[in-house]
Amino acid sequence: MPALTEALSGVIRGGNYVLGPQVSAFEREFADYLGVAHCVGVANGTDAITIALRALGVEAGDEVVCPSFTFYATVEAVVNAGATPVYCDIDSETFCVTAETVRAAITPRTKAVVPVHLFGNLAPVPELRELGLPVLEDSAQAAGATLDGERAGAMGHAATFSFFPSKNLPCLGDGGAIVTDDDDVARRARRLRFHGSDDKATFLEVGYNSRLDELQAAALRILLPELDGWNAARRAAAAAYERAGLGNHVALPLAAVGSQPVHHLYVVRHDKADELAAALAARGIGARGYYRVPAHRQPATACFAPAGLHLPGTEEAARTHLALPMGTALSGDAVREVVDACASGPA
Ligand SMILES: Cc1ncc(COP(=O)(O)O)c(C=O)c1O
């Protein structure tokens, strides 16, 4: 992509590599794209969650409700903010938390809720806001998705993004962002990403070295205008799977009502998911389950699960989910090949 090469060369020529004009411009452009007041670029999507939680006022000993069925980093970031993750269940058909599953996990010590827009599907953030707690949307997998016309990331009190190269809006390494309409949350996030300092001379609180660099921001400014087109291509691939009859062989992804998901991953459900994956692999088709062992059963984070924790939606999703090939350039032939292979089923 010549525009990308030119933008990166411009940064190298300019000699300004960290938190410079490219970062400021990207922060403005991404905030405008989402329809929020502030964007704070940080080093990755995991730091973004930790910093955003602290900026929202979460402190040591507070509880934060989050799903166990997510990429492990969601839970890790809660712990790194000093808080205790309280696992809530998900709807095994949408893969997202619901107002009911979150409500069931709230206690007097709950300080915030972190719904995850998993696989590019939308969690019901407007309903979650009615629970009366700060909502931090983990939008790492949902850049560009909308719910009733509002973008993922623009519905909660704050939201976080990852720009890891596999994400819908990628950069060329690690990158992340916190977005919010709240001036105070944005100010505190800016301070925390730079060692807890506003002026690089006085250090007001212990923070982080978590900055987006200029090369990544320059790349993101070139790629952001492509995001909607890429997401449309992913939705077209999902529609092609449906037209080709995939739903006769596996349970198709269920989008939230009123949403435009962005299919970061195209995740179906099947009772013998791993056997189906093996059958697809035998035909050269890559398919896999991402979160077979959810966070409440991972060695590092099982300690946060109370004895007898019952998360039936999580267990069902963990057992049955299977990500099929998805991308911005999935051909009709590839779609037919996957559907044929699913039709043949597990060996
Ligand atoms: C749901 C979710 N949350 C958080 C993260 C963490 O992002 P990063 O890898 O940029 O730290 C990811 C990245 O894979 C993710 O998928």
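Reply: Let's begin with a term: a residue is called buried when its relative accessible area is under 20%, and exposed when that area is over 50%. Keep in mind that this is a predicted model.

Me: Okay, so is R151 buried or exposed?
Reply: R151 counts as buried, because its relative accessibility is 18%, and the cut-off for buried is under 20%.

Me: And which strand is R151 in?
Reply: R151 is found in strand β7, which covers residues 150–151.

Me: What does the side chain of R151 make a polar contact with?
Reply: The side chain of R151 makes a polar contact with the side chain of Y33, at 3.2 Å. If its neighbours within four places in sequence are left aside, R151 is in contact with several residues, among them Y33, L34, T146 and D228.

Me: Back to β7, what order do the strands of its sheet come in?
Reply: The sheet is open and has three strands in the order β7-β6-β10, with antiparallel pairing. The edge strands are β7 and β10, each of which pairs on one side only.

Me: How many bridges join β6 to β10?
Reply: Two bridges join β6, residues 146–147, to β10, and T146 stands opposite Q260 in β10.

Me: New topic: how many disulfides are there in the whole structure?
Reply: A search of the whole structure finds zero disulfides. For C96, the nearest cysteine sulfur is that of C88, 11 Å away.

Me: Is C96 buried or exposed?
Reply: C96 counts as buried, because its relative accessibility is 1%, and C342 is buried with a relative accessible area of 4%.

Terms used: Residues numbered from 1 in each chain as written. Predicted model: local features only at pLDDT ≥ 70, side-chain atom pairs only at ≥ 80, totals over all residues. Heavy atoms only, no water. Helix = DSSP H or I, 4+ residues; strand = E, 2+ residues; numbered from the N terminus. Buried < 20%, exposed > 50% of the residue type's maximum accessible area, 1.4 Å probe, protein only. Polar contact = N/O pair within 3.5 Å; in protein donor to acceptor, adjacent residues only side chain to side chain. Contact = heavy atoms within 4.5 Å. Pairing = 2+ DSSP bridges. Disulfide = S-S within 2.5 Å.
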